[in-house]
Amino acid sequence: MKAVVYQKFGTINELQVIERSIPSIGEDQVLVKVKAFSINPMDWKIRKGEMTLMSGSKFPKQTGADFAGVVETAGSAVNHLKKGDEVFGVVKNMMKEGVSAEYIAVPSSFVWKKPSNLSFPQAASIPVVGTAAMTAIEKMGTIGSHTRILVNGATGGFGMFLLQLLKSRKAIVTAVASTKGLDIARQWGADEVIDYTKENVMSRKAAFDVVIDLSGKMSYQAARQIMKSKGRFLNPVPKPIDIPWSIVSNLFTAQKQIVVLSSPAGKYIKALLVAIENGLEIKVDKVFSFADYKEAYQYAEQGGYIGKVVVALD
Ligand SMILES: NC(=O)c1ccc[n+]([C@@H]2O[C@H](COP(=O)([O-])OP(=O)(O)OC[C@H]3O[C@@H](n4cnc5c(N)ncnc54)[C@H](OP(=O)(O)O)[C@@H]3O)[C@@H](O)[C@H]2O)c1
């Protein structure tokens, strides 16, 4: 089978197609014929060697974490999936494993049946950012109709799920996006939008109960200026030092920094499927063919897309 791999950390040019054998499966695994995999910023952060503490430095590495496809074979201990089922899922270890291949072996507990009304690219867009958005909402604490939430970087994959999931929580949500994303941010539920090319959100002193930065460009120290005195800063893009540092510094400050690390658990997927059934939109900005995988990464890495970028296989 064909697989996209890289043999050392670096640019998109390190990605290459190789031939390798179809993986074998354990008794609680399924072999999935991949139909689509979505691109996440962590793919290129890992590839550039920015996350070696978690990714390790063992090569070759495949890229991508969430996928959709068709079950080719199910292990002997797998009861809920069988050959021919249309599924979506995520690798167990997002930092060390990848899905950029024609076939992948995955534990069956990380694979779910694909709703028939979703395309493979849409389903492949759910696990990483959908569960991250659910995790973030849990970490926001009590949210009421007076809670003011700032979503900085609101129209990528994470923001798409977060804005729509927050809609039912009745909070007052301000979304920061580029000009192109303002309309869709409103459509996804933002009460107010800020165009980051025209207004600096840092002028909103002490305005928000919760600030979540999805752009990776706002530090906790900066965010503190626009947070209320007991505000929370949710950080899904932590540097390794942020994890211990937030625990220590939170002991001494009323404002808190909370690191968000998603784990694509089944309970979140179940809730996401209900939200999707009730109208949550999964917008796929662009689908690239497997042969155009480098263009797909180029397109995603330059930013400016709305929702998700996906690679599809025949
Ligand atoms: N911790 C976890 O478990 C977890 C899980 C998933 C994702 N993440 C991380 O969360 C972040 C968001 O994920 P994603 O998939 O949504 O990424 P994404 O699709 O790249 O979205 C990032 C958004 O930030 C916007 N942005 C860029 N510059 C900005 C600025 N100066 N001010 C405000 N917004 C700006 C982008 O808009 P334009 O493109 O229009 O400029 C884009 O909409 C990524 O860093 C990702 O690695 C963490």
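I begin with a definition: a polar contact is a pair of N or O atoms within 3.5 Å, and within protein one must be able to donate a hydrogen and the other to accept it, while residues adjacent in sequence count only if both atoms are side-chain atoms. The model is predicted, so local features need pLDDT of at least 70 and side-chain atom pairs pLDDT 80 or more, whereas totals for chains, interfaces and linings use all residues. Residues are numbered from 1 along each chain as its sequence is written, and side-chain values use heavy atoms, with hydrogens and water left out.

Now to the ligand. A nitrogen atom of the ligand lies 2.9 Å from a polar backbone atom of proline 236. An oxygen atom of the ligand is 2.7 Å from a polar backbone atom of serine 262, and for glycine 304 a polar backbone atom is likewise 2.7 Å from a ligand oxygen. Of the 920 Å² of accessible area that the ligand has on its own, the protein covers 85% (Shrake-Rupley method, 1.4 Å probe; for residues, only the protein chains shown count as cover).

Which residues come nearest to the ligand? They are Tyr196, Val260, Ser262, Gly304 and Tyr305, out of 25 around it, where a residue is near if one of its heavy atoms lies within 4 Å. By class, this shell has 13 nonpolar, 10 polar and two charged residues; Ala, Val, Leu, Ile, Met, Phe, Trp, Tyr, Cys and Pro count as nonpolar, Asp, Glu, Lys and Arg as charged, and the others, Gly among them, as polar. Helices α1, α4 (127–139) and α5 (157–167) each supply at least two residues of the shell, and α4 has the largest share, three. Helices (H or I, at least four residues) and strands (E, at least two) are DSSP runs numbered from the N terminus.

On a 1 Å grid over the protein atoms alone, a cavity is a set of points where a 1.4 Å probe fits but cannot get out; a pocket is an open set with protein on both sides within 12 Å along at least five of seven lines, and lining residues have an atom within 4 Å of a point. Grid points are joined across faces, edges and corners, and a volume is the space filled by probe spheres set on the points.

There is one cavity of 30 Å³ or more, and the largest cavity has a volume of about 80 Å³. Its lining comprises 13 residues, with Ile46, Gln62, Thr63, Met94 and Glu97 nearest the centre. Helix α1 (41–47) and strand β4 (61–62) each supply at least two of the lining residues, and α1 gives the most, three.

The second largest pocket holds about 410 Å³ of space. Among its 23 lining residues, Arg20, Gln62, Lys96, Glu97 and Gly98 are closest to the centre. Strands β4 and β7 (103–107) give two or more residues each, and the largest share, five, comes from β7.

Finally, two backbone details. The peptide bond from phenylalanine 59 to proline 60 is cis, with omega near 0°, and proline 60 lies in the loop between α2 (52–55) and β4. Lysine 170, which is not a glycine, has a positive phi of about 70°; its place is in the loop between α5 and β10 (172–177).
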